[in-house]
Amino acid sequence: MPKRPIRFFNTTGPCNPDDHYMLPPAERLQGAQLHRYVKDNLYWSLRAPRQTGKTTFLQSWSKEINAGGEAVACYVSVERCQGLTLRNDAMPEACVAIQEWAANAGLPVPKTSTDEPGSVISSILINWAMLVAPQPLVVLFDETDILEGDTLISFLRQLRGGFASRGIGKFPVSIALVGMRDLKDNIGVAKDGKPVNPGSPFNIKSDSAVIGNFTREHIAQLFALHTEETGQQITEEALDYVWEQSKGQPWIVNSLFQRATMRILDYEDYQTVNVEHLRQAREQMILARETHIESLAFRLKDPNIRYVIEKLLTGEYASDLLNSDAFQQCLDLGLVANNDGEIGVANPIYREVLAREISYNDQMMLPKPTFRWQNPDGTLDMDSLLKEFQGFWQENSEIWEENADYTEAFPHLLLMAFLQRITNGEGRIEREYAAGRKRMDLAIEYKGKWNIIEIKLLRDRQTFDKVKAEGLKQIVGYRDSFSSSLRMKDGNKIPCYLVIFDRRSEDKKLAWEQRITWNVEDDVTVIGC
């Protein structure tokens, strides 16, 4: 039996559930009981980052409702209203969307009894409720966070107007408003940041729900569906790897499994999927720069996102970061996460993609290495490489920084670009960075040998010795943790390099000949830049 592609979700649009491995809709929703929304006639909001299977979830659930006969449900995307800030333009387009999605679902197509933008949504929903009677009507409005200004306010007011009379043949008994952001956030934007008062036309929402990422158990369940159909197995270690690399992000899980079973392994090869297959799939996915990965790179042009990512790269902690609009925007996009109080990039693959993308221009501008950077056995000569970097930093850093977008993280990015220029395609770099860590840790593998580098910044009011002492303790802790995660028997023998960049104000910096240093302390090479 030939394998079919593992595509648990079509995250860019509608899909046929018969062609996908999917969890039941109730498995995907955090903190909510789906049947309650219909049974109790609730209006509610649902939020989820991009490409988490939101559209497929909504369409699957509407089919489940219709199959059960408890109501008539329809998914409606109002994406066609994007950019239409005037209600006179947007409300007719929203009505067209309702009619098109009703027709696509094989449901009665409603009509409006008015052309007045301020009541046309209410009119078409009333007509729709009448057409599907004696069953109640449930409408799942997707992409509602693209509605702006007066368009959003008019849309919500019309829903509020029909809410009190909702019922069979009168008005939808349950409505979901779905997007990346919660309803109250969109209202705040529409009202120029003014808070929503309790008597506003927007107080009908009874609940907020979130489509969460997969759990480790979900990932195992999804691959088990593939195993049941094809007989192909996967090791527990491989499932752990998928969980650790994706943190359950559905698009990443989908891509890793599909590439491992359909590209790394031959189409007809049913051997057990292991960690090495998935490591290759990970690198292939990153280099392919598919739409989802490409969209992450595009987001980095946004000043708000740049601000947050730079804080994470440098490991610094801004007291106002958590409460900032910039951080909330990154949360809504699924770029960052708050894991047990540590603010970081949402998963290791995003962490890798963002770091590579930000340092890509520097990497391409670096000259082809002519210095000795390999040992006779083909492994990295890290001493030679980093001494070369010290010279490059001294000669070029001030000029290059003038054109840098991420000035605070410039040292980290230039060193990563320098390393990536050497290892690209033949080695790999594991990166650890998050707000408040006060460092970036890099684990570089090349030809089967690992090296660890820790990057720290020397700031005003700090001394080199204090930063060094802190760094020595941190890098040994990271080495022990890293080697344990790879189950290395001789992890304490991994070469370690602590690189300290002097980022003090010009009047406090040492002269270059004093700044560029190289010492070995407690088996750690300490490098001053």
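The crossing of H3 and H5 is right-handed. Keep in mind that this is a predicted model. Helix H3 covers residues 87–104, and helix H5 covers residues 149–163. Their axes sit 9 Å apart. The packing angle is about 50°. That makes H3 oblique to H5, because angles under 35 degrees would count as roughly parallel and 65 to 115 as roughly perpendicular.

Which residues of H3 and H5 meet? On the H3 side, Arg87, Ala90 and Met91. On the H5 side, Asp150, Thr151, Ser154, Phe155 and Gln158. By type, the residues of this contact divide into 3 nonpolar, 3 polar and 2 charged.

Next, a loop. Pro134 lies between helix H4, residues 120–132, and strand E4, residues 137–142. Is Pro134 buried or exposed? Exposed: its relative accessibility is 69%, and the cut-off for exposed is over 50%. Now look across to Gly169. Pro134 and Gly169 are 35 residues apart along the chain. Their C-alpha atoms are separated by 6.7 Å.

Now the sheet. How many strands form this open sheet? There are 6. The order is E9-E10-E11-E12-E14-E13. At the edges are strand E9, 427–432, and strand E13, 517–521. Each of these edge strands pairs on one side only. From one strand to the next, the twist averages 20°.

A helix packs on this sheet as well: H16, residues 410–423. H16 touches E9, strand E10 (440–446), strand E11 (449–458) and E12. The direction of H16 makes about 5° with that of E10.

Let's zoom in on one pair of strands. Strand E12, residues 496–502, and E14 run parallel. They are joined by 5 bridges. Which residue is the bridge partner of Thr525? It is Tyr497.

Stay with Thr525. Its relative accessibility is 9%, so Thr525 counts as buried; the cut-off is under 20%. What does Thr525 touch, leaving aside neighbours within four places in sequence? Its contacts are Cys496, Tyr497, Leu498, Trp518, Asn519 and Val520. Tyr497, then, is both a contact and the bridge partner of Thr525.

To recap: H3 and H5 cross right-handed, Pro134 is exposed, and Thr525 is buried.

Conventions. Residues numbered from 1 in each chain as written. Predicted model: local features only at pLDDT ≥ 70, side-chain atom pairs only at ≥ 80, totals over all residues. Heavy atoms only, no water. Buried < 20%, exposed > 50% of the residue type's maximum accessible area, 1.4 Å probe, protein only. Contact = heavy atoms within 4.5 Å. Pairing = 2+ DSSP bridges. Helix = DSSP H or I, 4+ residues; strand = E, 2+ residues; numbered from the N terminus. Axes fitted to C-alpha atoms, helices over the stretch in contact; angles between N-to-C directions. Parallel < 35°, antiparallel > 145°, perpendicular 65-115°, else oblique. Left-handed = near helix turned anticlockwise from the far one by under 90°. Nonpolar A, V, L, I, M, F, W, Y, C, P; charged D, E, K, R; others polar.
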